[in-house]
Amino acid sequence: AMQEHKNFWEKNAGRYDRFMRKDRAAYDEMYELIRPVVRHKTVLELATGTGLIAKHIVIAAAHVEATDASAEMITEAKRDTHSAKLHFSVQDMFRLPYANQLVIVSNALHIVPQPEKAMQEIKRVLKDDGVLIAPTFTHAGNSFSGMVRAFFMKMAGFPLRSKWTSAEYLHFLSQNGWTVRKSAVLKASFPLTYAECVKSEV
C-alpha cells in the first residue's frame with residue numbers, strides 16, 4: 001500500500017502544487033502561526049512534500065531538516081532552496097533518528113495507514129519539552145460542498161484515509177498523548193485545522 005501511495009504523489013507532484021496554490025491565503029495564515037513557535041529552534045519536518053512549509057518558516061528557525069518518503073518530492077523541493085539553514089532529505093517517517101526541539105507534520109496524519117503509530121514515533125524523536133505542530137485538512141462535518149469535493153478527490157485517487165472533523169482530529173491528538181495548547185481552523189479548500197501540541201505526560 002505504501003508503494004501505491006508513493007506512486008500517487010510522484011505522478012501528482014505538479015497537480016498537488018497547483019492545488020496548494022489555491023489555498024495560499026490559508027497557508028499564509030498558517031505560516032504566521034508557525035514562525036514565532038519555531039524561532040531559533042531546530043525543526044524536523046515530516047512529509048514535507050515539495051517543501052512549501054519549510055521554505056516559508058526557515059527564516060525564523062535555527063535549522064530545518066525537511067524529510068519525505070518520496071525521492072521525487074524531495075528533488076522537487078530542492079529545486080529552489082536558497083537557505084543554508086534548510087536541508088531536504090528522503091526519510092521514512094517510521095525510522096527517525098534524532099532528538100528534536102520541534103516537529104512539524106502537515107497533512108500527513110489523515111493519509112498514513114496507522115496515524116497512532118506515527119504519533120508514537122514523533123513522540124520518540126521529540127525532546128520532552130518539545131513542540132509538535134500538526135496542521136491537517138479536516139472536513140466540515142456534513143457540508144454538501146465538502147462531500148462533493150471529497151468525492152472528486154477520491155475519484156482522482158487522492159488518498160484520504162481518515163475523515164476527521166476538526167473536533168475529531170483534536171480528540172485524536174489528545175487520545176494519543178498530546179496536549180493541544182493552541183488550535184485554529186483556517187479556511188482552505190478543506191478546513192485546515194492547525195494544532196500546536198506538547199506531550200501530555202513526560
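Reply: V43 stands opposite L102 in strand β4. This is a predicted model: local features need pLDDT of at least 70, side-chain atom pairs count only at pLDDT 80 or more, and totals for chains, interfaces and linings use all residues. Residues are numbered from 1 along each chain as its sequence is written, and side-chain values use heavy atoms, with hydrogens and water left out.

Start with β4 itself. It spans residues 100-105. Strands are DSSP runs of E, at least two residues, and helices are runs of H or I, at least four, both numbered from the N terminus. Five of the six residues in β4 are buried (under 20% relative accessible area; exposed is over 50%, partly exposed in between; 1.4 Å probe, protein chains only).

β4 has a partner in β1, residues 42-46. The two run parallel, joined by four bridges; pairing takes at least two DSSP bridges. Strand β5 (residues 126-133) also pairs with β4, again in the parallel sense and over four bridges. Here V103 stands opposite L132.

Now E65, in strand β2 (residues 63-68). E65 is buried but has no salt bridge (a Lys or Arg side-chain nitrogen within 4 Å of an Asp or Glu carboxyl oxygen). The nearest side chain of opposite charge is K78, 8.6 Å away. Lys and Arg count as positive, Asp and Glu as negative; His and chain ends are not counted.

Last, the rings. Phe, Tyr and Trp rings (the six-membered one for Trp) pair if their centres lie within 6.5 Å; planes under 30 degrees apart are stacked, over 60 edge-to-face, the rest tilted. There are four aromatic pairs by this rule. Y27 and Y31 are edge-to-face, because their planes sit at 75 degrees, with centres 6.0 Å apart. Both lie in helix α2 (residues 24-38), four residues apart. Y31 is buried at 3% relative accessible area. Y169 and F172 are stacked, because their planes are at 20 degrees, with centres 6.4 Å apart. Ring pairs link these two and W164 into a cluster.
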